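This briefing is meant to be read beside the sequence and the coordinates.

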Amino acid sequence: MKFLNNTLQQFIANPKRLLLVDSIGAATTAVLLFLLLKTNTELFGIPPTVLNYLSAIAVIFSLYSLIGSFATPSKFKTVLRIIATANLSYCILTWALLIANQNSITPLTVAYFFGETLIILTLVYAEFTVANAQQTTKK
C-alpha cells in the first residue's frame, strides 16, 4: 500500500507522467490485441473484428493521453477525468463483448482480459485520485 501511495504522490506532483503511462499502456494493449490475440484466434476464440475494434479504441486512448500530457496544468484535472471515464467504459465494453462471445472464448481469453482489467482499474483509480488532487491544488 505504501508503494501505491508513494506512486500516487509522484503522479499528483507530475500528472503528465500518469498520462504518459496511460498512453504507453494503451499502445501496448493495441499491439497485444492486434498482433498477439488476433493472430492466435484458435487460442483466444475472439472474433478478429472485435479485436480490431478494441485495438482501434486503445489507439485512440493512447493518442488522447499523449496529447493530454501536453495540456496546461489547469487542464490536467479534466483530461484525467475524461481518460479515466473512457478507460472504465473500455473495461465495461470489453466484458460485454466477452459475454456476447462466450461460446467462442477460451479460459486464456478470460485470463488475459481479467489481467488487463485489473491493470486498467488500478490506472482508473490513480487517474481519479490525481484528478481530484489537481482540483484542490491547481485552480
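In which helix is Phe128 found? Phe128 is found in helix α6, and the model in which it is placed is a predicted one. The mean pLDDT of the protein is 93, with 96% of its residues reaching 70 or more.

**Confidence**
- Within the protein, helix α5, which covers residues 76-100, has the highest confidence, at a mean of 97, whereas helix α3, which covers residues 41-44, has the lowest, at 87.
- Where pLDDT is low, the predicted coordinates should not be read in detail.

- Once neighbours within four places in sequence are left aside, Phe128 is in contact with Arg81, Ala84 and Thr85.

**The largest pocket**
- The largest pocket holds about 470 Å³ of space, and of the 24 residues that line it, Val21, Gly25, Ile119, Ile120 and Leu123 are the closest to its centre.
- At least two residues of this lining come from each of α1 (2-13), α2 (15-37), α4 (48-68), α5 and α6 (107-137), and α2 gives the most, with eight residues.
- By residue class, the lining of the largest pocket divides into 16 nonpolar, six polar and two charged residues.

**The largest nonpolar core**
- The largest nonpolar core has 33 residues, of which Leu18, Leu33, Leu37, Ile46, Phe113 and Val130 touch the most other members.
- Two or more residues are given to this core by each of the elements α1, α2, α4, α5 and α6.
- Leu18, when residues up to four places away in sequence are not counted, touches Phe11, Leu80, Leu123, Ala126, Glu127 and Val130; among these partners, Leu123 is also one of the residues closest to the centre of the largest pocket.

Technical notes: Residues numbered from 1 in each chain as written. Predicted model: local features only at pLDDT ≥ 70, side-chain atom pairs only at ≥ 80, totals over all residues. Heavy atoms only, no water. pLDDT = per-residue confidence, 0-100. Helix = DSSP H or I, 4+ residues; strand = E, 2+ residues; numbered from the N terminus. 1 Å grid on protein atoms, 1.4 Å probe; cavity = no way out; pocket = protein on both sides within 12 Å on 5 of 7 lines; lining within 4 Å. Points joined across faces, edges and corners; volume = space filled by probe spheres on them. Nonpolar A, V, L, I, M, F, W, Y, C, P; charged D, E, K, R; others polar. Core = buried A, V, L, I, M, F, W, Y, C linked by side-chain atoms within 4.5 Å. Buried < 20%, exposed > 50% of the residue type's maximum accessible area, 1.4 Å probe, protein only. Contact = heavy atoms within 4.5 Å.
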